[in-house]
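Me: I am new to this structure and would like to learn how to read it. Can we take the features in turn?

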Amino acid sequence: MDKIAVIIPAFNEEAAIAGVVAEINQISKESGIALHPVVINDCSTDNTWGIISQLDCTALNLPINLGIGGAVQTGFKYAYRNGFSHAVQVDGDGQHPALEISRLYLAMKERQLNVIIGSRFLENKGFQSSGLRRMGINYFKWLNKILIGQTITDNTSGLRMIDRSVLEAVVKYYPDEYPEPEAVVFYAKKGFKIGELPVQMRERQGGVSSIRAFGPLYYMAKVTLAVLFTYLRFTFNSKR
């Protein structure tokens, strides 16, 4: 049976993290799909570590704050080294219903994908984010289509699953800070088959978005540079 590591980066998520883990464990029992929550405490300043250390999950405690990319890669390394066949990234704020994980897995197997991304915008159902955020998401849809020749409608989605072959790649390299759009380019340049599945998300159940601390325009500018650098780096390396 396939084993799926549910990678949950957590920075100051004391309000929602217990519910996220409980929901994942419940869906695992109901669906019969082996889901194993792996929560990475990214040096939180609240009681996140105290909470997750008591939950039915693997709790990893980072000694310094690595940011979202470093926390997620920590989870990927754990999954790869412990023989998991798949890993799925899930936010620690409660936005991603655990039921969608089983849907991603079944669609991934049926369509023989290496990467599958949960998209809010294929059917435009559930929580859609603010107008300014949607503008940024559309921008990355356009940018990444130019770079990789494939339309991904929700490049910033933090709900995505990868298989064992992709796990082997991301333990060696994974983008830091705001990695989701950049990772899509990385996956495409490495030749992995990427697809999307329409999902419904919720509003965050607690905590504060890290993007809000810098502003959407700063986020777009910074991630654009990172995406272009990744494209050039792996285009050049692939030709060597």
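Me: Where does K29 lie, and is K29 buried or exposed?
Reply: The model is a predicted one. K29 is part of helix α1, residues 17-31. Residues over 50% relative accessibility are called exposed, and K29 is at 68%, so K29 counts as exposed.

Me: How many residues separate K29 and I146 in sequence, and how many Å in space?
Reply: They are 117 residues apart along the sequence, and their C-alpha atoms are 42 Å apart.

Me: Which strands pair with β6 in the antiparallel sense?
Reply: Strand β4, residues 86-89, pairs with β6 in the antiparallel sense over four bridges. Here Q89 is opposite R160 of β6. β5 and β6 (residues 160-163) are also antiparallel, joined by three bridges. In that pairing, R160 is the bridge partner of I117.

Me: How does β5 run against β7?
Reply: β5 and β7 (residues 194-198) are parallel, with five bridges between them. I116 is opposite G195 of β7.

Me: How do I read the two faces of a strand, and which residues of β5 lie on each?
Reply: In a regular strand, side chains alternate between the two faces of the sheet. In β5, V115, I117 and S119 lie on one side, while I116 and G118 lie on the other; both sides are covered, with all of these residues buried. Five of the five residues of β5 (115-119) are buried.

Me: What should I look for in a helix, and how many residues does α4 have?
Reply: An α-helix has 3.6 residues a turn, so residues three or four places apart point the same way. Helix α4, residues 99-111, has 13 residues and spans 19 Å from first C-alpha to last, close to the expected 18 Å. Its buried residues include I101, L104, Y105 and M108. Just after α4 comes Q112, with a positive phi of about 55°.

Me: Why is α7 described as largely enclosed?
Reply: Eight of the 10 residues of α7 are buried, so the rest of the structure largely encloses this helix. Among the buried ones are V184, V185, F186 and Y187. After α7 comes G191, which has a positive phi near 85°.

Me: How do I read a nonpolar core, and which members of the largest one touch the most others?
Reply: In soluble globular proteins, nonpolar side chains tend to be buried together. The largest nonpolar core here has 38 residues, and F76, V115, I162, V170 and Y187 touch the most other members. The elements that each supply at least two residues of this core include β5, α3 (67-81), α5 (131-148) and α7 (180-189). Another core lies apart from it, with 29 residues, including I8, I24, C57 and I101.

Me: What is V170 in contact with, leaving aside neighbours within four places in sequence?
Reply: V170 is in contact with Q73, F76, I162, F186 and Y187.

Terms used
Residues are numbered from 1 along each chain as its sequence is written. This is a predicted model: local features need pLDDT of at least 70, side-chain atom pairs count only at pLDDT 80 or more; totals for chains, interfaces and linings use all residues. Side-chain values use heavy atoms; hydrogens and water are left out. The expected span of a helix is 1.5 Å times one less than its number of residues. Buried means under 20% relative accessible area, exposed over 50%, partly exposed in between (1.4 Å probe, protein chains only). Two strands pair if DSSP finds at least two bridges between them. A nonpolar core is a set of buried Ala, Val, Leu, Ile, Met, Phe, Trp, Tyr and Cys residues joined through side-chain atoms within 4.5 Å. Contact means heavy atoms within 4.5 Å.
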